[in-house]
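Colleague: Could you take a close look at one part of this model and describe it element by element, giving the cut-offs behind each term as you go?

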Amino acid sequence: MRQSIPLGRIAGIHVGINASVFLIVAILVAGLATGRLPAAFPGRSITAYVIAAIIAAVLFLASLLAHELAHSLVARRNGIEVESIVLWLLGGVAQLRGEARTPGADFRIAIVGPLTSFVLAVAFGLAAGGVTWLGTSGLPFGVLAYLAATNAMLAVFNLIPAAPLDGGRGLRAALWRWRGNRQSAAVNAARAGRVFGFLMIALGVLQVVTGDGLGGIWLALIGWFVVSAATAEEQQARLGSQMAGVTVGDAMTAGPTILDSNLTVNDFVAQVALTQRFSTYPLVDHLGRLTGLVTLNRVRDVPPGLRATTRLREIACAPSEVPTARPEEPLVELLERMHGCSDGRAVVVDADGRVVGLVSPTDVARALQSADLRSFDPYPRPSGADLTSLPPRWGPSRR
């Protein structure tokens, strides 16, 4: 899930929102301001209802953020790097770089989200009781009671043992510990998620038929998302099992053509692009360490009239935006980072940070084909249960 608007950092973690959040905010505000709050607390002005509804929607988003932040902090304590948290139409997503190494860590990361929602439900419930005790019940009580109920429902819903819900992660951790095979556990949890998602879709359609149109459509939409996410997770788990034991060094193209960042685009085209077969070129300093990455796509974006004066460093991806890996790292862990500025490429560096190779979608496709052939090998490599998942789509393209 990509963010549309960055909100900054919390505990060093990038936080942003997807544009679809505005739709859910509009739905919440409209539903509360024109339905729930006027029905429970009649006699107020429309302005009061709208203000109360906006406060409730903002605090609900803050609750989702707290839920995802809890996942992220526990993941980081268990050695997993957190890329960002993004809030979107159907909740929030904590984007992690990697997976838990043990069933216990997997379970802790999963369960802390619903526990956080339960804590928030109790806190808002106590606040609602406090408002009543102070004699200021009314819209403040209604907002706090709504937040207590929604957080409680969020916690209960997420505990359902079906991926990609937190309960599905807990189921995966339990099966992993029982059977000792993470990929098999992930496949079973994903299948449970698909079954649950189809049940939600069926129930949503039933509600539409019986007259509850909006509620049924919303339920079916959530069910569709669960089915789609569960299907993707099963595919990732199967591919992760297929790629078990394959390292970045196995897939990379060694000895890439490296360039000086001061080279002009015109000189690059004449001296390199027209004579080399590659489309990705690392820029390095005098020690061979990465200072940027240039792709042919970025070169094409430079207007012809500016190519004589534009230096490669001016159009290159910054080192912080380029996925990097060591040769001994599992390939599946790198795949999750191969996106963004680098056009799906990654740079391989040695222990001293010197560039030693490149990994492109073509290399990944070749590694997958080699992994398929391994099924015919009478002496296959052992597979581990602690490898990370593979993104859902990887296709061949020319480097």
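Modeller: Helices (H or I, at least four residues) and strands (E, at least two) are DSSP runs here, numbered from the N terminus. The model is predicted, so local features need pLDDT of at least 70 and side-chain atom pairs count only at pLDDT 80 or more, while totals for chains, interfaces and linings use all residues. Residues are numbered from 1 along each chain as its sequence is written, and side-chain values use heavy atoms, with hydrogens and water left out.

Asp 106 lies in helix 3 and is buried, with a relative accessible area of 3% (buried means under 20%, exposed over 50% and partly exposed in between, with a 1.4 Å probe and protein chains only). Its side chain and that of Arg 172 are joined by a polar contact of 2.8 Å (a pair of N or O atoms within 3.5 Å; within protein, one must be able to donate a hydrogen and the other to accept it, and residues adjacent in sequence count only if both atoms are side-chain atoms). Leaving aside residues up to four places away in sequence, Asp 106 touches Ala 100, Arg 169, Arg 172, Ala 173 and Trp 176 (contact means heavy atoms within 4.5 Å).

Helix 3 (103-133) is also one of the partners of helix 4, whose buried residues pack against helix 1 (21-40), helix 2 (46-77) and helix 5 (166-179) as well. Among those buried residues of helix 4 are Leu 139, Tyr 146, Asn 151 and Asn 158. The 20 residues of helix 4 (residues 139-158) should span 28 Å at 1.5 Å a residue, and the end C-alpha atoms are 28 Å apart, which agrees (the expected span is 1.5 Å times one less than the number of residues).

Strand 5 (residues 253-254) runs antiparallel to strand 10 and is joined to it by 2 bridges, with Leu 358 of strand 10 as the bridge partner of Thr 253. Strand 9 (residues 346-349) is likewise antiparallel to strand 10, here over 4 bridges, and Val 348 has Gly 357 as its bridge partner in strand 10. The hairpin of strand 9 and strand 10 has 5 residues between the strands, and within it Gly 353 takes a positive phi near 85°. Strand 8 pairs with strand 9 in the parallel sense over 2 bridges, and Ala 325 stands opposite Val 348 there.

Searching the whole structure finds 1 disulfide (a pair of cysteine sulfur atoms within 2.5 Å), which joins Cys 317 to Cys 341 with an S to S distance of 2.1 Å. The pair links distant parts of the chain, 24 residues apart: Cys 317 sits in the loop between helix 11 (312-315) and strand 8 (324-325), and Cys 341 in the loop between helix 12 (331-335) and strand 9. The link of these two cysteines is left-handed, with -105° about the S-S bond, and both Cys 317 and Cys 341 are buried.

Notes. Two strands pair if DSSP finds at least two bridges between them.
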